[in-house]
Amino acid sequence: MTSTPLLTDLPSYPKLQALASTLKRARIDQFFIEDPLRTDSFRVQAAGLKLDYSKQLLTKEALTLLLQLADEVGLQQRVRALVAGEPINSTEQRPALHSLLRAAEGGALDAEFRQVCVTRERMKHWVDRLHQGAHSGFSGQPISDVVNIGIGGSDLGPRLTTEALKPYQGHIACHYVANVDPTDLQDTLSNLNPASTLFIVCSKSFRTEETLANGLVARQWLLAAGATAADMDMHFLAVTCNREAAAQFGISANNCLPLWDWVGGRYSVWSAIGLSSAIAVGWPNFERFLEGARGMDEHFLQAPGEANMPLLMSLLEIWYCNFFGAPSQAVLPYSQHLKCLPEFLQQLTMESNGKRVTAQGTALEYSTAPLMWGVAGTMGQHSFHQWLHQGTSLCPVDFVLPLTTHSDKPEQLRQLVANCLAQSRALMIGRSESAALSTLLRRGFSGPEAKRLAPHLVMPGNRPSSTITFEALTPETLGALLALYEHRTFCSGQLWGVNPFDQWGVELGKEIGAEVLDQLMGESNPSDDQTDPSTSALANAWKALN
């Protein structure tokens, strides 16, 4: 691959700067008055999802220039390189073949695809075996509970999928433990039966300290309940690249499912990392999940720029981050079953694109990867929506809204939908001081008191948002939604010129963590020169109580 030009060096960049400066004085609600067909012009659909981005501070001229920006960076060529298996992860000299994990055929990547198919069959074997009650624990009881032990990409994807597809879950309960805080595992195990519990230890390297620590405690829990070392194969599976380390832990090769170095953790829910969620919902539903993602892949590869949903969402991210200085973006799923989506997207976007140098190592002088955050449904309306409406920072919002519910309470769904649509409208139109004054007078305040309070009710509006809707939250629409944000993340990384497939920034904390752990274990002195006075004092405070 040729080197990526800096975003600020692209010919369309200064034109977009000038246009953004003008649009900062424009009003989104006025755009609808000027163009009655605006909603139709700023709406696309793909793989069962519909994106309405008409409430963005965006004109057709700006969109045209943003699409030119993508052309100038050679984005189509980079997409082709991605799916062709070129080493687009340049710092580690690896391809990034996560889309192959949900593909129906391998094409030029037939060798890798055969490995994927073999692993799918092994996943299906375990899912069917557990659902049929054919796999028992050390006492002969069939497995009733599965505990996924992982962290980061080995936890967030399958946890989200299991929670999102709760209406599709069968009789085997799946639980998730990620935090090395002992209470996470302890609280999870407190209501489980060791004789009928299966653990899936997910670690690409099988050296992740938090995961191994939790795995060892789980092993001791089984041994304390009467299992023997020879029984561990009845209670442990592993998903890893490092079968030797798994064997040292006590998990046989037959109980290890593979990963490959061309799958990044945050892109791995489609692989054997998703085994726990496949167990939760059953193999046919997991296949539907893969099919939904495949549909978004096909759209991403085939749709022209002006109708390409992942590309358009990426261009909006660039637009607000680099031309309006927005430091963050909120994703607000109006679905309790999607409550884990914001946390999943935090890792996907911020670990991928939270970089300060280009893929070639050149320091960047512009922002990348705005903070991603959010919570589900109406809860945020009673906490941070105050900041969204009246705060001093610009924060674009993605509303995510299923239009039907799996529950038997359609009247509550009606309330939920009304709240979602109202919030997107309120962000756009705001409330003027004269409208605030009229509102206070209607509430019975006197003229002077209404005038005094009116500024506090003013909301400037003009806060941009998009709304992603789909008929129902199904395995297919969930797969399409996650693939949508994966491709959006890739496009943004290419426009910023960073490598979205490495994560060197997580290493230093781990290295220092090992040093501090030695100090806490008494194997080195916390006052040694390699640490600082603050860290030494904090380590000594812990040692004084433990």
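**Entry 1: Gly74 and helix α4**

I looked up the backbone just after α4 and found that Gly74 takes a positive phi of about 75°. I note that the model is predicted.

I then turned to α4 itself, which covers residues 60-72 and has 13 residues. From its first C-alpha to its last, α4 reaches 18 Å, close to the 18 Å expected at 1.5 Å a residue.

Which residues of α4 are buried? I listed Ala62, Leu63, Leu65, Leu66, Leu67, Leu69 and Ala70. I next looked for the partners of these buried residues, and they pack against α1 (12-23), α5 (75-84), α13 (309-323) and α19 (475-496).

**Entry 2: the largest pocket**

I looked up the volume of the largest pocket, and about 1,200 Å³ of space lies in it. Its lining has 41 residues, and those closest to the centre are Ser205, Thr208, Gln503, Val506 and Lys510.

Which helices each supply at least two residues of this lining? I recorded α9 (209-224), α14 (341-353) and α20 (507-520). The most is given by α20, with five residues.

I also sorted the lining by residue type: 14 residues are nonpolar, 16 are polar and eleven are charged.

**Entry 3: aromatic pairs**

I searched for aromatic pairs and found that the structure holds 18.

Is Tyr320 buried or exposed? Its relative accessibility is 3%, so Tyr320 counts as buried. Phe324 also counts as buried, because its relative accessibility is 14% and the cut-off for buried is under 20%.

I then examined Trp373 and Trp387, whose ring centres are 5.7 Å apart. The planes of Trp373 and Trp387 stand at 65°, so this pair is edge-to-face. The pair links distant parts of the chain, 14 residues apart: Trp373 belongs to strand β9 (residues 371-373), and Trp387 to helix α15 (residues 385-390).

I checked the accessibility of both tryptophans. Trp373 has a relative accessible area of 16% and is buried, whereas Trp387 has 31% and is partly exposed.

**Entry 4: an aromatic cluster**

Which residues form one aromatic cluster with Tyr320 and Phe324? I recorded Tyr13, Trp319 and Phe323 as the other members.

Conventions: Residues are numbered from 1 along each chain as its sequence is written. This is a predicted model: local features need pLDDT of at least 70, side-chain atom pairs count only at pLDDT 80 or more; totals for chains, interfaces and linings use all residues. Side-chain values use heavy atoms; hydrogens and water are left out. Helices (H or I, at least four residues) and strands (E, at least two) are DSSP runs, numbered from the N terminus. The expected span of a helix is 1.5 Å times one less than its number of residues. Buried means under 20% relative accessible area, exposed over 50%, partly exposed in between (1.4 Å probe, protein chains only). Contact means heavy atoms within 4.5 Å. On a 1 Å grid over the protein atoms alone, a cavity is a set of points where a 1.4 Å probe fits but cannot get out, and a pocket is an open set with protein on both sides within 12 Å along at least five of seven lines; lining residues have an atom within 4 Å of a point. Grid points are joined across faces, edges and corners, and a volume is the space filled by probe spheres set on the points. Ala, Val, Leu, Ile, Met, Phe, Trp, Tyr, Cys and Pro count as nonpolar, Asp, Glu, Lys and Arg as charged, and the others, Gly among them, as polar. Rings of Phe, Tyr and Trp (its six-membered ring) pair if their centres lie within 6.5 Å; planes under 30 degrees apart count as stacked, over 60 as edge-to-face and the rest as tilted.
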